[in-house]
Amino acid sequence: MTADLRDLYQELILDHSRNPRNHRAPEASNRRADGYNPLCGDKITVYLRIERQVVVDAGFEGTGCAISTASASMMTESLKGKTLAEAEALFGKFHDLLTGKPENQGSPPDLGKLAVFGGVREFPIRVKCATLAWHTVRAALDQKPEPVTTE
Ligand code: ZN
C-alpha cells in the first residue's frame, strides 16, 4: 500500500467511526439482522428497506470498535440504491479484498472508497471487525432468523 492510500485509509476510517452515517433504524425497514463479533465485542443490528429488489434505505445500530463502526457506516452508504444482485456482488468483492487469496488481492476498481479496508488485511484480528456488518447484512437479505456470529 502506498503512503497516500494509508493516509486515506486512516482518515476515512477515523471520520466514519467518529461520525457514523446511517446510524439509525430507518423508518419502515423491512429486513433486519443482528451480528456479533465475540473476538472484539462488536455488536450490530442492520436494517434495510427493500423495494422491488432495490435497497432504498439502510441503517445500523450497535456498539463496536472504530473499524466495525466505520465499516458499517461505509457499507450502508454503499448499499443504498443498489439492487439485491449488486449488493451481493459487492459483498463478494469486499470479502475477497479482506480474505481472498494473495493473487486476488489488490484494489478492485469498482469497490470505490471501500477499497481502503484493504489496509485491514495487515491486522488479521481486525478482519472480522471489518466484515461483521457485511455478514450481518447478508443475513438480513437472506432473512435468516438466527443472529450472525463471526465465530
Ligand atoms: Zn472490532
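This is a predicted model: local features need pLDDT of at least 70, side-chain atom pairs count only at pLDDT 80 or more; totals for chains, interfaces and linings use all residues.

Q: Which helix lies across S1, S2 and S4?
A: Helix H4, residues 124-142, does. Its direction is at about 150 degrees to S1.

Q: How do you know that S1 and S2 pair?
A: Pairing needs at least two bridges between the strands. S1 and S2 are joined by 7 bridges, so they count as paired. They run antiparallel. One of the bridge partners is Thr45 in S2, which goes with Asp34.

Q: What joins S1 and S2 in their hairpin?
A: There are 4 residues between the strands. Gly41 in this hairpin has a positive phi near 95 degrees.

Q: Why are S1 and S4 called a pair?
A: They have 2 bridges, and the cut-off is at least two, so the label holds. The sense is parallel. Tyr36 stands opposite Thr149 in S4.

Q: How many bridges do S2 and S3 have?
A: They have 9, in the antiparallel sense. With at least two required, S2 and S3 therefore pair. Ile50 stands opposite Val55 in S3. The two strands form a hairpin with 2 residues between them. In that turn, Arg52 has a positive phi of about 50 degrees.

Q: In what order do the strands lie in the sheet?
A: The order is S3-S2-S1-S4. These 4 strands form an open sheet, and its pairing is mixed.

Q: Why are S3 and S4 called edge strands?
A: Strand S3 (54-63) and strand S4 (148-149) each pair on one side only.

Q: Is Gln53 buried or exposed?
A: Its relative accessible area is 53%. Exposed means over 50%, so Gln53 is exposed.

Q: Where is Ala28, and what is its phi?
A: Ala28 is in the loop between helix H1 (3-18) and S1. Its phi is near 60 degrees, a positive value in a residue other than glycine.

Q: Is Ala28 buried or exposed?
A: The relative accessible area is 51%. The limit for exposed is over 50%, so Ala28 is exposed.

Q: Which residues coordinate the zinc ion?
A: Cys40, Cys65 and Cys129 give SG atoms, and Asp42 gives OD atoms. The distances are 2.2 to 2.6 Å.

Q: What spacing do the donors follow along the chain?
A: The pattern is C-x1-D-x22-C-x63-C. Asp42 lies in strand S2, while Cys65 is in the loop between S3 and helix H2 (66-79). The pair therefore ties together parts that are 23 residues apart in sequence.

Q: Are Asp42 and Cys65 buried or exposed?
A: Buried means under 20% relative accessible area. Asp42 is at 1%, so Asp42 counts as buried. Cys65 is at 17%, so Cys65 counts as buried too.

Q: Is Ser68 buried or exposed?
A: Ser68 is at 7% relative accessibility, so under the 20% cut-off Ser68 counts as buried. Its place is in helix H2.

Q: Which residues does Ser68 touch, leaving out those up to four places away in sequence?
A: Ser68 touches Asp42 and Cys129.

Q: What lines the largest cavity?
A: The lining has 13 residues. Lys43, Ile44, Thr63, Ser68 and Thr69 lie nearest the centre. S2, S3, H2 and H4 each supply at least two residues of this lining.

Technical notes
Residues are numbered from 1 along each chain as its sequence is written. Side-chain values use heavy atoms; hydrogens and water are left out. Contact means heavy atoms within 4.5 Å. Axes are lines fitted to C-alpha atoms, for helices over the stretch in contact, and angles run from 0 to 180 degrees between N-to-C directions. Donors are N, O and S atoms within 2.8 Å of the metal (3.2 Å for Na, K and Ca); water is not among the atoms, so sites may look incomplete. Buried means under 20% relative accessible area, exposed over 50%, partly exposed in between (1.4 Å probe, protein chains only). On a 1 Å grid over the protein atoms alone, a cavity is a set of points where a 1.4 Å probe fits but cannot get out, and a pocket is an open set with protein on both sides within 12 Å along at least five of seven lines; lining residues have an atom within 4 Å of a point.
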